[in-house]
Amino acid sequence: MPSTTQLTAWQALSAHHNVISSAHMRDWFSTDSDRFNRFSRRFGDILIDFSKHRMTDETLNLLLDLARESAVPVWIERMFSGAQINHTEHRSVLHVALRNRSNQPIVVDGQDVMPEVNRVLEQMRRFSEQIRSGAWIGFTGQRIRTVVNIGIGGSDLGPKMVCEALAPYGDANLTMHFVSSVDGSHISHVLSECNPETTLFIIASKTFTTQETMTNANTARGWLLAALGDEAAIAKHFVAVSTNTEKVRAFGIDTANMFEFWDWVGGRYSLWSAIGLPIAVYVGMANFTALLEGGHAMDQHFRQTPLPDNLPVILALLGVWYGDFFAADSHVMLVYDEYLRSLPAYLQQLDMESNGKSIDRQGLPVTRVTGPVVWGGLGSNGQHAFYQLLHQGTHLVPSDFLAPVNSQDPIGDHHAILLANCLAQSEAFMTGKTEAEARAELASKGMDGAELEALLPYKVFAGNRPSTTLLYQRLTPSVLGSLIALYEHKVFVQGIIWNINSFDQWGVELGKQLANNILPELKGERPAGAHDSSTLGLIGYCRGA
């Protein structure tokens, strides 16, 4: 197939960019009262406003042409039908099967995967109900009060983010902890808050060999045995999310309490699987099912909706527009919802591990910019931290604003103030402040002459900073499921357009390999080997040489 940059639609977009790149959004809004209506869409309780973007109707039509010429609808159908679109690992990509509430068959290698998906969901239901009801008791006969999930990457970020987001739906009798870092301080601090008689550990590792996870798991195991003194206690206080029966059994976990998932589930897409066990335990299986239903509803929208109204496709195309034509190398998530405080970190992995690629599907170097740097944080905090760069810095940083219309915890004027700031910031990014406006503002404060002229340049805001605003009535399990699936599919569509494989992650392997070489050298088990002088010097310093 031709290079992405040689596509007719790409060439048309490049020419179009030359025409409109200097246009200002505030001028479009001043002459087009219908802009919001044309450039916003609703999905259930979610409103997505993309009118504050540097685009016209022609821009959107040309971007949609790019999606068609890149065969986006064909690739969508290939994913849902179980084709091996992860070609470097010869795997299907079927996180959509995990939330397939229609239960229609999805076939991989001649087998319908849905019976196995449903089997594990039923296993999760039974187990979560045992924990929440108190039927599951620890080694000394006490009920479980604390759950510690030990995993890393997708085995940590997704479940942690969802449990935080759905805390209003959580079991008040359970305290949730998530341990991921191999820094001993992390698990030490968590264990200091746990009672071994009432703590359950969920060890999440497909192979049960992940270095960081198993180091933490063995530390937790030793801590429990030191307190309870009997190997039989392991089976009452540890369960596994894994496929390695032998290693799970050797650890001391009853394999009846091993929850399986499959190689067609990528780590960063795995919260919908048994990796979501801590979610089911904390919020209950009914709410976990509602999360799945929200994801499935977005899947159906993504698969069935024509491109001009297809929300993941629209968001994906806007990202391509800025990254490849405006040279915007990052994208910021501005979350005006305390419960979604971990969403930026979750989306950072989803996007950057998926599309941080420089080799295309034909094994050739890419000829355009691919995935952006994704970052962000809580919006109201960010206003007093990094928003200065967004408003007046030299970088063009497209942004997503997310906020609930209704608070989970209404108190005084807090939520109205929160929403006012969210809407004001998106408006300020778009409109900016002209020199004339700044001059008038300073004059109204009694400033004039040389003093006014000296300060004036610093008070001007260029504006024309693009943003999408996503408002939802309330952060329910279903709404959260739809939002997560929306971003998953956005990332997938961008990978299609950039002609890269969004579902492998070979770039994480080299550091792991080198760490395994350095570890025995740091521990003094063997002399430092053939490293560069910097690494040798750092090893020597750590060893006190």
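**Entry 1: helices α23 and α24**

The axes of α23 (residues 509-522) and α24 (residues 533-542) cross at roughly 40° and come within 10 Å. An axis here is a line fitted to C-alpha atoms, for helices over the stretch in contact, and angles run from 0 to 180 degrees between N-to-C directions. Helices (H or I, at least four residues) and strands (E, at least two) are DSSP runs, numbered from the N terminus.

A note on what I am looking at: this is a predicted model, where local features need pLDDT of at least 70 and side-chain atom pairs count only at pLDDT 80 or more, while totals for chains, interfaces and linings use all residues. Residues are numbered from 1 along each chain as its sequence is written, and side-chain values use heavy atoms, with hydrogens and water left out.

Next I looked up the handedness: α23 passes α24 in a right-handed crossing. A crossing is right-handed if the near helix is turned clockwise from the far one by less than a right angle, and left-handed if anticlockwise.

Which residues in α23 and α24 meet? I found I518, E521 and L522 on the α23 side, with T535, I539 and C542 on the α24 side. Contact means heavy atoms within 4.5 Å. The residues of this contact divide into four nonpolar, one polar and one charged. For these classes, Ala, Val, Leu, Ile, Met, Phe, Trp, Tyr, Cys and Pro are nonpolar, Asp, Glu, Lys and Arg are charged, and the others, Gly among them, are polar.

**Entry 2: helices α7 and α14**

I then turned to another helix pair. Helix α7 (residues 114-133) and helix α14 (residues 285-304) pack at an angle of about 145°, and their axes are 10 Å apart. From α7 I noted L121, M124, R125 and S128, which meet M285, F288 and L292 in α14. By class, this contact of α7 with α14 has five nonpolar, one polar and one charged residues.

**Entry 3: the five-stranded sheet**

What is the order of the strands in the open sheet? I read it as β6-β5-β7-β8-β9, five strands with parallel pairing. Two strands pair if DSSP finds at least two bridges between them. β6 (175-179) and β9 (258-259) stand at the edges with a single partner strand each, so one side of each has no neighbour in the sheet.

I followed the bridges next. β5 (residues 146-150) and β7 (residues 199-204) pair in the parallel sense over five bridges, and N149 has I202 in β7 as its bridge partner. Four bridges join β7 to β8 (residues 238-241), again parallel, and F201 is partnered by F238 in β8. β8 and β9 share two bridges, also in the parallel sense, and V241 stands opposite F259 in β9.

Are the residues of β7 buried or exposed? Six of its six residues are buried. Buried means under 20% relative accessible area, exposed over 50%, and partly exposed in between (1.4 Å probe, protein chains only). In a regular strand the side chains alternate between the two faces of the sheet. In β7, T199, F201 and I203 point one way, and L200, I202 and A204 point the other way.

I also checked T146, which sits in β5. T146 is buried, at a relative accessible area of 9%. Leaving out residues up to four places away in sequence, T146 touches T175, H177, C194, T198, T199 and L200.

Helix α10 (residues 211-228) lies across β5, β6, β7 and β8, and runs at about 155° to β7. T210 is in the loop between β7 and α10, and it is partly exposed, at 24% relative accessible area. T210 and I152 are 58 residues apart in sequence, yet 8.5 Å apart in space, C-alpha to C-alpha.

**Entry 4: two positive phi values**

Most residues other than glycine have a negative phi. A327 has a positive phi of about 60° although it is not a glycine. A327 lies in the loop between α15 (311-325) and β10 (330-335), and it is exposed at 65% relative accessibility. N464 also has a positive phi, near 65°. N464 is in the loop between α21 (449-455) and β13 (467-472), and at 7% relative accessibility it counts as buried.
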